[in-house]
Amino acid sequence: MKRIAVLTSGGDAPGMNAAVRAVVRKGIYEGLEVFGVKYGFRGLVNGDIKELKLGDVGDYIQRGGTFLHSARYPEFASEEGQLKAIEQLEKFGIEALVVIGGDGSYHGAEALTKRGFNAIGLPGTIDNDISGTDFTIGFDTACNTALDAIDRIRDTASSHDRTFIIEVMGRNCGDIALYAGISGGADVIVVPEEEFNIEKIVEQLNVRRARGKAHSIIVLAEGVMSGPAFAAELDKHGDFDSRASVLGHIQRGGNPTVADRVLASRLGGRAVELLLEGKGGLAVGIVANQIVENDITDVLKNKSQIDHRLFELSKELSI
């Protein structure tokens with residue numbers, strides 16, 4: 001093998017640049033030529049590809065986003081799109097590909113491998129909604145960003161004796177809400193994987209009021225409902241002077257944490273090793289702090305699971 005390529009696809013996540021850097025530097029260390037594909041699968045089909053040298057990935061490990069850029073490209077699901085991509089890869093003499101992104105990106109890597117072109121998937125998404133890995137690249141940074149917001153909002157909540165509903169991202173996965181909520185000392189955490197009862201939440205808040213705690217913090221995963229909708233529902237059951245704060249895309253940006261930089265570096269390096277072994281159709285992840293590889297088709301079939309014991313602990317700690 002002489003040449004490999006790397007791309008980032010789907011939503012950006014802090015640590016993607018660190019993963020690209022690891023693929024490039026590990027590849028060059030192993031004697032490969034490494035190419036970067038701009039704008040994900042759209043750039044792959046359009047031939048927006050250039051060789052990356054060591055200097056091209058310098059001073060990026062600390063930056064959020066992705067310097068390769070990203071784009072949604074549903075057309076890649078078609079046979080035409082996939083064949084055009086392979087045509088471009090062959091044109092550049094590229095023999096294998098590392099794809100960094102979420103489940104949509106994994107579908108692209110799976111499709112290329114099924115057509116005889118080895119591709120490895122790395123989990124790059126803040127949502128932590130990829131199976132086969134404990135954590136995804138960007139998740140830890142997003143949680144820390146949410147935590148900083150929770151800490152700041154608590155100051156206002158306590159100053160005005162208000163209840164704040166803080167809506168965090170995660171699509172249909174409640175991990176950001178769970179981890180940020182526990183670390184932020186939330187009074188209530190609401191996630192899509194666990195049923196909630198608004199009457200019981202009202203009862204909890206009233207119990208705290210009775211013992212002198214007039215303000216509350218509720219961390220809400222966006223997959224449940226919107227923050228404003230939840231605030232309106234809560235105020236139907238009592239005078240909580242509720243306010244909703246939707247954190248939105250600030251959770252996707254910012255400098256990656258140590259955890260995300262190291263995770264991205266470990267996964268990127270392993271992806272190159274797998275390609276050198278002639279393997280494709282795999283998703284690289286981390287389980288119990290050990291790097292693992294799973295068949296990418298199995299990863300796509302299985303749904304990521306929230307840590308239900310951790311959720312129970314969050315309720316025990318918020319008495």
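**Ground rules.** I worked on a predicted model, where local features need pLDDT of at least 70, side-chain atom pairs count only at pLDDT 80 or more, and totals for chains, interfaces and linings use all residues. Residues are numbered from 1 along each chain as its sequence is written, and side-chain values use heavy atoms, with hydrogens and water left out.

**S9.** I found S9 in the loop between strand 1 (3-8) and helix 1 (16-29); helices (H or I, at least four residues) and strands (E, at least two) are DSSP runs, numbered from the N terminus. S9 has a relative accessible area of 7%, so I noted it as buried (under 20% relative accessible area, 1.4 Å probe, protein chains only). I looked up its side chain and found a polar contact with the side chain of S105 at 3.2 Å (a pair of N or O atoms within 3.5 Å, where one must be able to donate a hydrogen and the other to accept it; residues adjacent in sequence count only if both atoms are side-chain atoms).

**Cysteines.** I looked for disulfides (cysteine sulfur atoms within 2.5 Å) and the structure holds zero. The sulfur of C143 has its closest cysteine sulfur in C173, 9.6 Å away, which is too far for a bond. Both residues are buried, C143 at 9% relative accessibility and C173 at 5%.

**Lining of the largest pocket.** I checked which element gives the most to this lining, and it is helix 4 (residues 103-114), with six residues.

Note on methods: Buried < 20%, exposed > 50% of the residue type's maximum accessible area, 1.4 Å probe, protein only.
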